[in-house]
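Please look over the sequence and the model shown here. The report is meant to be read beside them.

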Amino acid sequence: MPRGRGRTPAANTAVPGRVYEGLTKIGSWYAEQFGSLIDRLKAMPEGGGTVFDNTLLVWMSEHSSSSGDHGRENLPCVLAGGLAGTIGRGRVLRLNRSHNDLFITIAQAMGFADIKTFGKTSVCKGTIAELLA
């Protein structure tokens with residue numbers, strides 16, 4: 001975000017409409033940046049495809065709901081790229097899994113098969129098979 005326009009205490013005011021409006025503006029800015037990065041990676045040739053094809057971008061929110069809940073499950077997440085064909089593309093999945101499991105899955109897709117937990121082990125269920133190609 002441009003300097004001086006980041007998250008401030010005012011973004012967390014107790015006025016729900018203003019909070020939602022502020023968070024929407026912030027989210028829109030980040031979405032534009034994410035899209036711009038994707039476009040740049042798609043324009044860079046690599047091997048038989050592009051850098052985008054061999055990359056995995058992860059964009060997550062720290063909120064698991066529009067009410068500002070900082071829970072560990074049901075965090076909205078966008079994955080872009082294919083990580084060299086290991087991650088499926090073009091789908092919307094609604095999974096009741098922790099972000100810990102997302103990071104386990106990404107690590108395993110990158111070849112780190114021995115990684116079975118990430119962070120707080122009590123919330124780890126393991127690989128999210130639905131994400132894999």
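The sections below cover the basis of the values, one glutamine and its surroundings, and the aromatic rings.

## Basis of the values

This is a predicted model, in which local features need pLDDT of at least 70 and side-chain atom pairs count only at pLDDT 80 or more, while totals for chains, interfaces and linings use all residues. Residues are numbered from 1 along each chain as its sequence is written, and side-chain values use heavy atoms, with hydrogens and water left out.

Q108 belongs to helix α2, residues 99-109 (helices are DSSP runs of H or I of at least four residues, and strands are runs of E of at least two, numbered from the N terminus). With 21% relative accessibility, Q108 is partly exposed (buried means under 20% relative accessible area, exposed over 50%, and partly exposed in between, with a 1.4 Å probe and protein chains only).

Leaving aside residues up to four places away in sequence, Q108 touches A113, I115, K116 and T127, where contact means heavy atoms within 4.5 Å. A polar atom of the Q108 side chain lies 2.6 Å from the backbone oxygen of I115.

## Aromatic rings

Rings of Phe, Tyr and Trp (its six-membered ring) pair if their centres lie within 6.5 Å, and planes under 30 degrees apart count as stacked, over 60 as edge-to-face and the rest as tilted. By this rule there are three aromatic pairs. Among them, W29 and Y30 are edge-to-face, at 5.1 Å centre to centre with 80° between the planes.

The ring centres of F34 and W59 are 5.3 Å apart and their planes stand at 35°, so this pair is tilted. Because F34 lies in helix α1 (residues 16-42) and W59 in strand β3 (residues 57-60), the pair ties together parts that are 25 residues apart in sequence. F34 is buried at 13% relative accessibility, whereas W59 is partly exposed at 28%.

Notes
A polar contact is a pair of N or O atoms within 3.5 Å; within protein, one must be able to donate a hydrogen and the other to accept it, and residues adjacent in sequence count only if both atoms are side-chain atoms.
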